[in-house]
Amino acid sequence: MQRYFVAPEQFRGVIITITGEDAHHAARVMRMKPDDQIIVCDGVSRSVRAVVLEASPQEIRAEAEEELLQDSEPAWSITIAQGLPKADKMELVIQKGTEIGASSFVPFESERVIVQYDGKKEAKRIERWSKIAKEAAEQAHRHRIPSIQPVQSWRQMLTLIGEFDLALFCYEREGAAAHGKGIANAVRQWKLEREKSSDEVVQNPRIVLLVGPEGGFSEREAVEAEAAGAILVGLGKRILRTETAGLVGLTCLLYESGAMEGA
Ligand code: SAM
């Protein structure tokens with residue numbers, strides 16, 4: 001069943017209106033007509049099975065018939081903070097990260113980012129990245145579209161670390177070094193400490209994975225991130241490409257959260 005994301009205000013009680021590209025897609029490509037069934041999500045809290053009342057390339061009107069459980073969203077809200085990579089690697093990170101279950105993406109600049117970041121093009125890039133996230137969320141049958149944050153400076157990124165319940169700084173040196181802490185051990189230790197420290201465990205913790213650009217992180221950035229509260233973690237003894245590392249870390253976290261244990 002075709003799935004569409006609309007803004008919450010496009011839900012008016014049980015009546016839903018779909019406009020823009022999605023209406024055109026539904027009417028022209030999917031040849032939607034009255035009585036067809038679709039799934040509509042507001043990307044925040046509501047997902048419904050709806051029946052089409054009217055269909056035109058300008059607007060689809062549908063009536064919600066059944067509220068759906070948002071059961072394809074992970075319990076842990078995981079953000080991939082990605083050192084700005086070259087070319088269209090960010091698009092790959094967003095598409096695959098959305099399929100796997102990321103909740104948000106934060107691109108950031110750091111010492112060894114190679115791309116010349118041009119603020120003027122930011123709006124256009126964020127718009128393109130948001131479209132990729134929306135399409136990947138529809139394809140993956142998700143109920144939420146991951147958010148794409150504006151590009152952060154390294155200073156801003158350090159401040160952001162404090163806003164998360166857990167910040168993991170993916171550091172290939174940790175992966176290689178004997179004393180290095182692997183992501184699995186770091187997360188299990190955090191889970192244990194969390195269970196011991198407070199009687200009511202935060203059910204939907206917010207976790208951020210920091211991933212360096214192609215040139216990696218500098219020693220100074222590792223020290224600063226650790227001082228800001230991040231834990232340096234390895235993702236195994238192999239050096240992963242920048243566009244691979246966040247996806248591996250995301251999958252490890254979802255595994256540790258129990259998201260892969262089946263229904
Ligand atoms: N220093 C790397 C090298 O020797 O090629 C360059 C950085 S790597 C291509 C890009 C980023 O992926 C790193 O900054 C790190 O965040 C992450 N990464 C890659 N492999 C990793 C590993 N085994 N453990 C932890 N992080 C890793």
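Which residue forms a salt bridge with aspartate 22? The partner is lysine 134, and the closest N and O atoms of the pair are 2.9 Å apart; a salt bridge here is a side-chain nitrogen of Lys or Arg within 4 Å of a carboxyl oxygen of Asp or Glu.

This is a predicted model, in which local features need pLDDT of at least 70 and side-chain atom pairs count only at pLDDT 80 or more, while totals for chains, interfaces and linings use all residues. Residues are numbered from 1 along each chain as its sequence is written, and side-chain values use heavy atoms, with hydrogens and water left out.

The protein is divided into domain 1 (3-67) and domain 2 (77-257), with bounds that come from an automatic or database domain assignment. Taken over C-alpha atoms, the centres of the two domains are separated by 33 Å. The table describes what lies between them.

| Item between domain 1 and domain 2 | Value |
|---|---|
| Buried area | about 790 Å², 48% of it on carbon and sulfur atoms |
| Salt bridges | one salt bridge |

Buried area is the accessible area (1.4 Å probe) that two parts lose on being put together, summed over both.
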